[in-house]
Number of protein chains: 2
Amino acid sequence: MEHVDTLITHAHMFTMRGDGVGYVKDGAVAVKGQRIVAVDTTGELTHRFTAEETVDATGHALLPGLIDAHVHTALAVIRGVAQDVRGWLEKAYWPFYKQITDKDVVVRSMACVLEGLKAGTTTFVDFVDPAAECAEAYVASGVRGRLVAQFNALTADEQLTGLYALDQAAGHARLAEAAAFANTWNGSEEGRITVVLGPVAPDLVLREHLVETKRVADRHGLMINMHVAQGDRETAQMLQRYGQRTVAYLDELGYLDDQLMAVHLTVATEQEAEYMARNGVSMMLCSSAIGLVDGVVPPSIAFRRAGGLVALGSDNGACTMFNEMRLTAYFNKILKADPTVMPAWEVMRMATIDGARAIGLGDQIGSLEVGKQADLITVDLSGASLGPVLGEPVRNIIPNLVYSARGTEVRMVMVAGRVLMRDGEVLTMDERSVLDDARDAAQAIADRVAANPAHRDLVLVSATKDGRL
Amino acid sequence: MEHVDTLITHAHMFTMRGDGVGYVKDGAVAVKGQRIVAVDTTGELTHRFTAEETVDATGHALLPGLIDAHVHTALAVIRGVAQDVRGWLEKAYWPFYKQITDKDVVVRSMACVLEGLKAGTTTFVDFVDPAAECAEAYVASGVRGRLVAQFNALTADEQLTGLYALDQAAGHARLAEAAAFANTWNGSEEGRITVVLGPVAPDLVLREHLVETKRVADRHGLMINMHVAQGDRETAQMLQRYGQRTVAYLDELGYLDDQLMAVHLTVATEQEAEYMARNGVSMMLCSSAIGLVDGVVPPSIAFRRAGGLVALGSDNGACTMFNEMRLTAYFNKILKADPTVMPAWEVMRMATIDGARAIGLGDQIGSLEVGKQADLITVDLSGASLGPVLGEPVRNIIPNLVYSARGTEVRMVMVAGRVLMRDGEVLTMDERSVLDDARDAAQAIADRVAANPAHRDLVLVSATKDGRL
């Protein structure tokens with residue numbers, strides 16, 4: 001008998017191998033060090049292995065950890081201040097965003113990571129700034145970070161009016177910093193922390209910055225993560241500065257390949273989406289955020305139909321992938337007036353194996369397979385929200401996880417073989433102090449906004465005063 | 001100082017009075033017997049009252065209990081067996097539905113009520129059958145039941161093919177039973193249990209049944225609750241049998257008035273919706289269910305614009321009103337490609353005061369007001385999903401409740417002055433046994449479906465076999 005660190009047994013196991021969800025009845029996984037060493041039935045594995053710790057997952061689903069493919073963790077503390085309005089960014093969000101300082105980035109970021117972790121997210125593709133502080137926090141929290149070293153070329157005043165003032169030297173300096181960060185951090189913590197380059201958006205850097213970014217990415221084998229076609233605002237900037245829509249512009253720069261993780265595609269046409277997909281670009285779909293601020297469902301159906309990989313991101317919304325899976329399935333059914341569109345198993349794949357491939361980690365995570373990183377979660381199916389569990393003749397577990405789960409049913413979270421949450425209790429963070437610190441940081445931001453007379457007539461300030469909030 | 005039973009203090013109180021959400025900072029409510037006797041600031045009420053029990057709601061929201069205006073509680077146990085398909089009713093749901101027996105209706109129903117109660121639902125407009133057994137369960141559970149005494153005129157074989165076979169005598173007999181049930185139960189438990197008449201749908205009863213239903217409703221002062229324009233299937237039946245679409249048919253029968261709670265309106269045109277609204281009909285909007293099985297967003301915007309009252313119902317989906325509020329806000333933004341549509345405060349009103357008015361209980365529940373029933377909930381705002389709480393300059397509580405709450409943040413639930421849940425623990429039901437019984441009932445249903453060879457090729461049976469479920 002081989003000895004392993006952890007054996008998880010008796011689960012409703014969804015390996016996400018093959019084309020579907022890869023269900024195994026009475027399934028089990030053996031973990032040694034960071035990796036999965038066996039995936040089979042409980043009967044098989046208990047014959048082959050002894051274990052330091054055996055976790056009985058009877059009545060639980062066992063799944064790969066969920067992947068949040070696009071999130072600004074440090075911004076979640078100002079959630080709820082910019083929705084139900086037109087022009088959310090300029091009219092509601094920007095005044096708060098501009099009051100955010102670097103000094104408390106870690107406490108803000110970790111509150112969001114805590115929320116995601118408790119709901120089964122094991123990998124965060126996170127826009128980090130300042131990057132080094134955030135990376136240290138990822139080391140401590142134990143989750144998998146695919147950190148986006150972000151940079152733009154905005155001048156110091158960051159005014160989002162007219163044609164944005166962009167500064168060539170500042171953009172190059174920030175790109176150089178991002179590259180240095182990538183050099184230091186990519187592959188650290190035995191591969192748990194990886195880095196991608198993040199020009200924020202094509203309208204917020206100059207052409208030469210994108211050219212240089214591609215060169216750096218090629219040299220160091222890094223992916224590029226960028227907001228693409230994220231709104232009419234961006235399109236207008238691109239047309240004014242370059243006379244081209246974003247996708248054509250990026251095509252000309254040689255950007256449309258499998259090195260690019262394209263975020264949103266809110267205003268990409270179906271044809272543009274298909275063209276990007278055929279060229280190997282992957283799509284980060286943020287249903288909750290884009291539905292909320294734009295009332296738009298991005299063209300992920302066309303993107304997938306053309307063979308593209310789609311991952312899901314919570315952006316700056318409710319940081320649970322259960323929320324994203326549900327909204328993605330619903331929104332696309334409504335978009336097409338077709339209940340067969342985006343079935344539960346497809347969105348579950350987007351949050352696991354398809355998402356892993358889309359972010360360039362398909363050989364490491366996203367499914368329960370021998371040799372992969374042991375990133376996995378158990379979900380208690382016995383409560384009112386997910387039960388009764390039926391296996392035959394129709395198995396209802398995946399639909400109920402997608403359409404009914406709250407996220408609070410997640411009980412155990414493991415990343416790279418290490419248990420980060422056990423019985424719903426997070427082991428790597430002090431929950432109360434993380435949340436208290438985040439509250440203080442948010443309050444300080446709000447106080448600074450309130451102190452500025454220029455913000456007295458903001459639409460949601462008025463809504464607060466007249467009793468709608 | 002006046003002595004009361006309960007004083008709830010120091011809350012972020014949303015009374016839902018006036019046109020908005022009626023926020024009171026450091027708010028408090030005094031409860032005596034079944035009713036609210038004072039609503040004001042904590043400072044005011046602690047000067048006026050002493051109390052048997054004082055609940056410190058610091059860091060919590062205090063809201064009217066949420067209203068689930070359309071739910072089939074007894075059917076929630078087969079959740080997850082009929083979605084992501086076209087023709088969900090005939091192709092996926094009906095085989096399971098037909099295997100449901102009367103004998104375990106209470107255990108099935110109470111599992112759903114438990115789920116709703118834990119997530120802050122205090123009133124359930126519930127299709128009960130057999131009605132008496134369900135009513136007894138409502139007595140025991142302590143929640144507010146607005147019970148729909150449902151009846152149809154289908155012949156015993158209940159085949160949903162061709163023009164449905166309807167039986168005049170059977171329909172009349174079932175209507176008589178429903179009327180007798182209403183006679184016995186309406187207003188019982190000091191008004192906590194009320195009854196409305198429920199012809200299931202215009203295509204499932206004959207014209208004379210509807211005529212007689214209206215007569216009985218008028219005589220006893222009862223409302224009528226009916227699925228209306230719920231799908232193309234219904235429209236086809238109506239055209240074939242009567243040569244009319246549903247709304248015109250009901251208009252001719254004198255049904256379009258404030259006695260009618262119209263459920264769904266899935267395939268009602270905007271003009272039909274507006275016409276119904278102008279005539280005083282109220283609309284039960286079930287966003288999750290209709291989005292899932294039809295990919296459709298019913299015309300509630302047109303209905304409201306014409307002055308109609310809209311309530312929200314979970315139908316047979318995830319039985320939480322947080323889910324319904326969120327999906328309703330999102331779906332309508334997407335329908336209109338307009339993020340200002342259905343802001344958070346509007347959907348919160350639909351789940352509280354507007355919902356109460358729509359179901360005919362606006363003078364009793366739906367807001368925190370002196371003289372109303374003490375149906376209220378507290379929601380812990382301190383966790384990762386709802387924090388950080390900001391008050392100034394933009395109050396983010398209502399948006400976060402709508403767009404981020406899971407439902408598990410509800411801590412206390414009171415109905416008619418009685419605490420049903422305290423610190424998240426339900427006092428009137430044994431959770432584990434309710435859920436275990438529901439599991440056994442669901443398993444028995446599934447076993448009967450599996451045993452029938454006719455169901456071998458059902459689309460989701462195939463999906464289960466080939467690994468997509």
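**Domains, chains and local geometry**

Domain 1 of chain A and domain 2 of chain A bury about 2400 Å² between them, and carbon and sulfur atoms give 63% of that area. Buried area is the accessible area (1.4 Å probe) that two parts lose on being put together, summed over both. The model is predicted: local features need pLDDT of at least 70, side-chain atom pairs count only at pLDDT 80 or more, and totals for chains, interfaces and linings use all residues. Residues are numbered from 1 along each chain as its sequence is written, chains are lettered from A and ligands numbered from 1 in the order in which they are written, and side-chain values use heavy atoms, with hydrogens and water left out.

**The two domains of chain A**

- A:Met16, A:Val402 and A:Tyr403 supply 26% of the area that domain 1 of chain A buries against domain 2 of chain A, more than any other three residues.
- Domain 1 of chain A covers 2-64 + 368-426, and domain 2 covers 66-358; these bounds come from an automatic or database domain assignment.
- The centres of the two domains, taken over C-alpha atoms, are separated by 29 Å.
- In domain 1 of chain A, 30 residues are in contact with 30 residues of domain 2 of chain A, where contact means heavy atoms within 4.5 Å.
- Between these domains the count is 1 salt bridge, a term for a side-chain nitrogen of Lys or Arg within 4 Å of a carboxyl oxygen of Asp or Glu.
- A:Asp375 and A:Arg144 form a salt bridge in which the closest N and O atoms are 2.7 Å apart.
- On the side of domain 1 of chain A that touches domain 2, α15 (397-403), β15 (410-415) and β16 (418-422) of chain A each supply at least two residues. Helices (H or I, at least four residues) and strands (E, at least two) are DSSP runs, numbered from the N terminus.
- With 5 residues, α15(A) gives the most to that side of domain 1 of chain A.
- That side divides into 18 nonpolar, 7 polar and 5 charged residues. Ala, Val, Leu, Ile, Met, Phe, Trp, Tyr, Cys and Pro count as nonpolar, Asp, Glu, Lys and Arg as charged, and the others, Gly among them, as polar.

**Chain A against chain B**

- About 6600 Å² is buried between chain A and chain B, 63% of it on carbon and sulfur atoms.
- In chain A, the residues that lose the most area to chain B are A:Asp84, A:Arg406 and A:Leu469, together 11% of what that side buries.
- The contact takes in 80 residues from chain A and 80 residues from chain B.
- Between the chains the count is 6 salt bridges.
- A:Lys333 forms a salt bridge with B:Asp84, with the closest N and O atoms 2.6 Å apart.
- Among the elements that give two or more residues to the side of chain A that touches chain B are α3 (105-118), α12 (321-336) and α16 (431-450) of chain A.
- The most comes from α16(A), with 9 residues.
- By class, this side of chain A has 43 nonpolar, 23 polar and 14 charged residues.

**Backbone geometry**

- Most residues other than glycine have a negative phi, and most peptide bonds are trans.
- The peptide bond between A:Glu392 and A:Pro393 is cis, with omega about -5°, and A:Pro393 lies in the loop between β14 (376-380) and α15 of chain A.
- A cis peptide bond also runs from B:Gly387 to B:Pro388, with omega near -10°; B:Pro388 is in the loop between β14 (376-380) and α15 (397-403) of chain B.
- A:His264, in strand β11 (residues 260-264) of chain A, has a positive phi near 85°.
- A:His264 counts as buried at 3% relative accessibility. Buried means under 20% relative accessible area, exposed over 50%, and partly exposed in between (1.4 Å probe, protein chains only).
- B:His10, in strand β1 (residues 2-14) of chain B, has a positive phi of about 60° and is partly exposed, with a relative accessible area of 35%.
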